[in-house]
Amino acid sequence: MNIVLLGAPGAGKGTQAAFIKERYGLAHISTGDIFRANIKGGTPIGKVAKSYIDAGKLVPDEVTCELVKDRLLNGELGAGFMLDGFPRNIFQAKELDTFAKVDLCVNIDVDKSLLMDRICGRRMCSCGATYHVSTLDGATTCAKCGKPLYRRDDDNPETVEARLNTYAAQTAPLVDYYAAQGKLCTVNGGAGSPEQVFAAIAAELDKYVK
Ligand code: ADP
Ligand code: ZN
């Protein structure tokens, strides 16, 4: 089973990806994570990506598509792949269709009014855990592994505003793209706990795995 996770910044793609990976054994491929690892490592791709990411814009398609294609064709895939953050515009979706087969697009729908607070209050751990300041009760370290929490560089109000605009203009049209192919399922990511959102996603994915 190969799936695409779709959703605005702050919709909870990363959180749901961790649940899905654990239950279904899909390889989690996050272009955002790949870019951040490249920036940290000071690679040529990281140098190109940084200016776009800091501005809340999309990294150029040539760079992104090559990276995903290489990962899908040459990397470990487990029971299939789960793309998180790709495709992010129609061009990328069409490119993807030339080198891989997508079975399902899971669209995590969250009202725009919730997104700004979710992202700006988000705190991360290098182990992959994410938190929101409202539930941290002042804690500055990870409850799972004890390492210090940090805020992503692009999780500041100005960049978030730009990321939400980029999403609306370029990524949201993918909802119709996958609906037209009969591959779209939409879950409400704005009501209920992460576990409840996952239950809704699992109900859909269970239709595809025996
Ligand atoms: P979020 O979904 O919370 O905005 P991501 O970690 O998915 O965060 O992406 C962070 C940034 O990385 C994006 O704002 C964009 O600049 C870049 N990026 C990630 N995926 C892509 C992609 N498929 N195409 C172009 N740029 C991307
Ligand atoms: Zn941790």
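Q: Which residues of helix α6 (residues 112–120) are buried?
A: The buried residues of this helix are L115, I119 and C120. Buried denotes a relative accessible area under 20%, exposed one over 50%, and partly exposed a value in between (1.4 Å probe, protein chains only). Helices (H or I, at least four residues) and strands (E, at least two) are DSSP runs numbered from the N terminus. The structure is a predicted model, in which local features need pLDDT of at least 70 and side-chain atom pairs count only at pLDDT 80 or more, whereas totals for chains, interfaces and linings use all residues; side-chain values use heavy atoms, with hydrogens and water left out. Residues are numbered from 1 along each chain as its sequence is written, while chains are lettered from A and ligands numbered from 1 in the order in which they are written.

Q: Why are the buried residues of α6 said to line one face of the helix?
A: Viewed down the helix axis, they fall within an arc of 105°, so they line one face of α6. The arc is that of the directions from the helix axis to the C-beta atoms. S113 and D117, on the other side of α6, are exposed. Among the elements covering the buried residues of α6 are β5 and α8, where contact means heavy atoms within 4.5 Å.

Q: What makes the arrangement around the zinc ion (ligand 2) tetrahedral?
A: The protein donors are C125 (SG), C127 (SG), C142 (SG) and C145 (SG), lying 2.3 Å from the zinc ion. Donors are N, O and S atoms within 2.8 Å of the metal (3.2 Å for Na, K and Ca), and sites may look incomplete because water is not among the atoms. Four donors count as tetrahedral if all angles lie between 85 and 135 degrees; four count as square planar and six as octahedral if opposite donors are over 155 degrees apart and all others between 65 and 115, and anything else is irregular. Here the four donor atoms subtend angles of 98 to 116°, so the arrangement is tetrahedral.

Q: Why is the pair C127 and C145 said to tie together parts of the chain?
A: C127 lies in the loop between β5 (122–124) and β6 (130–132), and C145 in the loop between α7 (133–136) and α8 (157–171), so the pair ties together parts that are 18 residues apart in sequence. Along the chain, the zinc donors follow the spacing C-x1-C-x14-C-x2-C. C127, at 38% relative accessibility, is partly exposed, and C145, at 37%, is partly exposed.

Q: How many aromatic pairs does a search of the whole structure find?
A: The search finds two aromatic pairs. Rings of Phe, Tyr and Trp (its six-membered ring) pair if their centres lie within 6.5 Å; planes under 30 degrees apart count as stacked, over 60 as edge-to-face and the rest as tilted.

Q: Why is the pair of F19 and F198 called stacked?
A: The ring centres of F19 and F198 are 5.2 Å apart and their planes stand at 25°, so the pair is stacked. Since F19 lies in helix α1 (residues 13–24) and F198 in helix α10 (residues 194–205), this pair ties together parts that are 179 residues apart in sequence. F19 is partly exposed at 25% relative accessible area, whereas F198, at 9%, is buried.

Q: Why is the pair of Y177 and Y178 called edge-to-face?
A: The ring centres of Y177 and Y178 lie 5.1 Å apart with the planes at 90°, so the pair is edge-to-face. Y177 has a relative accessible area of 15% and is buried; Y178, at 0%, is buried.

Q: How do you know that the span of α1 agrees with its 12 residues?
A: The expected span is 1.5 Å times one less than the number of residues. For α1 this gives 16 Å, and the end C-alpha atoms are 16 Å apart, which agrees. After α1 comes G25, whose phi is positive, near 70°.

Q: Why do the buried residues of α1 line one face of the helix?
A: In α1, the residues K13, Q16, A17, I20 and Y24 are buried. Seen down the axis, the buried residues fall within an arc of 105°, so they line one face of α1. Their cover includes β1 (3–6), β2 (27–30), β3 (81–84), β4 (104–109) and α10.

Q: What makes K21 partly exposed?
A: K21, in helix α1, has 45% relative accessibility and therefore counts as partly exposed. Not counting residues up to four places away in sequence, K21 touches L26, H28 and M82.

Q: Why is M1 counted as buried?
A: M1 has 17% relative accessibility and so counts as buried. M1 lies in the segment before β1, and its C-alpha atom is separated by 6.6 Å from that of A79, 78 residues apart along the chain.
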